[in-house]
Amino acid sequence: MTRASPRSRSPEHVSDERYRQSPLPMASAHPDPPVTPATLRTMRANRSRDTSPELALRRLLHASGLRFRVDMPLPIDRRRRADLVFTKVGLYVFVDGCFWHGCPVHFVRPKTRTDFWMSKIEGNQGRDNDTNRRLRELGHTVIRVWEHEDPVDAAELIARMYRALRDKR
Ligand SMILES: [Zn+2]
């Protein structure tokens, strides 16, 4: 779940933002805007920011007493953001949208402008890997959950990791 709806911005969702804000999103980057009505529907359905799975996850964590920062710029690159950050223990959580991050279960290759979309999504995946590596090099812990995952399961995983890191300090 990334940030497309509401207001959480994640590094990987910068592209979402652009699509939402411009009537001709890719006009400058592509002479022939690749946005067909079907693609727009796909994009709307796949907005990642503050989508309900992410909100559900945040509510569950909050209800369990955990406190965290939301949509926080990363120390490795202020242009990238994490969806949830437990700053004291260095735990960074990303909720990845199935479309934008190429979920192995739900991602469907767009039928039009396939090369354009695939390079975009592969770019996101490459950035995700780079973000993971660089955060870990700093000694941080990274958890990525897909937006399709059960928020209860995801919250349990995150809470467990948070407690393990806290107890280790
Ligand atoms: Zn998925």
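Helices (H or I, at least four residues) and strands (E, at least two) are DSSP runs here, numbered from the N terminus. Residue numbers count from 1 along each chain as its sequence is written. Also, this is a predicted model, where local features need pLDDT of at least 70, side-chain atom pairs count only at pLDDT 80 or more, and totals for chains, interfaces and linings use all residues.

So how confident is the predictor? pLDDT is its confidence in each residue, from 0 to 100. The mean over the protein chain is 81, and 70% of the residues reach 70 or more. Strand E4 (residues 141-146) has the highest confidence, at 98, while helix H1 (residues 14-21) has the lowest, at a mean of 35. Over residues 1-33 the pLDDT is below 50, yet beyond near neighbours in sequence this stretch has 90 contacts in the model. A contact, by the way, is two residues whose C-beta atoms, placed from the backbone, lie within 7 Å.

Now the layout. The protein chain has five helices and four strands, and from the N terminus on they run α-α-α-β-β-β-α-β-α.

Back to the strands. Two strands pair if DSSP finds at least two bridges between them. Strand E1 (residues 69-74) and E2 run antiparallel, joined by five bridges, and a hairpin links E1 to E2 through two residues. On to strand E3 (residues 91-96): E2 pairs with E3 over three bridges, again in the antiparallel sense. Phe-86 stands opposite Leu-91 of E3. That hairpin has four residues between E2 and E3, and Gly-90 in the turn has a positive phi of about 65°.

What's covered up? We call a residue buried if 20 or more other C-beta atoms lie within 10 Å of its own, exposed if 12 or fewer, and partly exposed in between, with C-beta atoms placed from the backbone. Of the 169 residues in the protein chain, 35% count as buried. In strand E2 (residues 77-86), seven of the ten residues are buried.

That brings us to the cores. A nonpolar core is a set of buried Ala, Val, Leu, Ile, Met, Phe, Trp, Tyr and Cys residues joined through C-beta atoms within 7 Å. The largest has 18 residues, and Ala-82, Val-85, Tyr-92, Val-93 and Ile-158 have the most contacts inside it. Helix H3 (52-63), E2, E3 and helix H5 (151-168) each supply at least two of its residues. Which element gives the most to this core? E3 does, with five residues. Leaving aside neighbours within four places in sequence, Val-85 touches Phe-68, Arg-69, Met-72 and Tyr-92. There's also a second, separate core of five residues, including Cys-98, Phe-99, Trp-100 and Trp-117.

Last stop, H3. Its buried residues are Pro-53, Glu-54, Leu-57, Arg-58 and Leu-61. Seen down the helix axis, they fall within an arc of 135°, so they line one face of H3; the arc is that of the directions from the helix axis to the C-beta atoms. Those buried residues pack against E1, E2, E3 and H5. And on the other side? Ser-52, Arg-59, His-62 and Ala-63 are exposed there. Just after H3, Gly-65 takes a positive phi of about 95°.

Note on methods:
pLDDT = per-residue confidence, 0-100.
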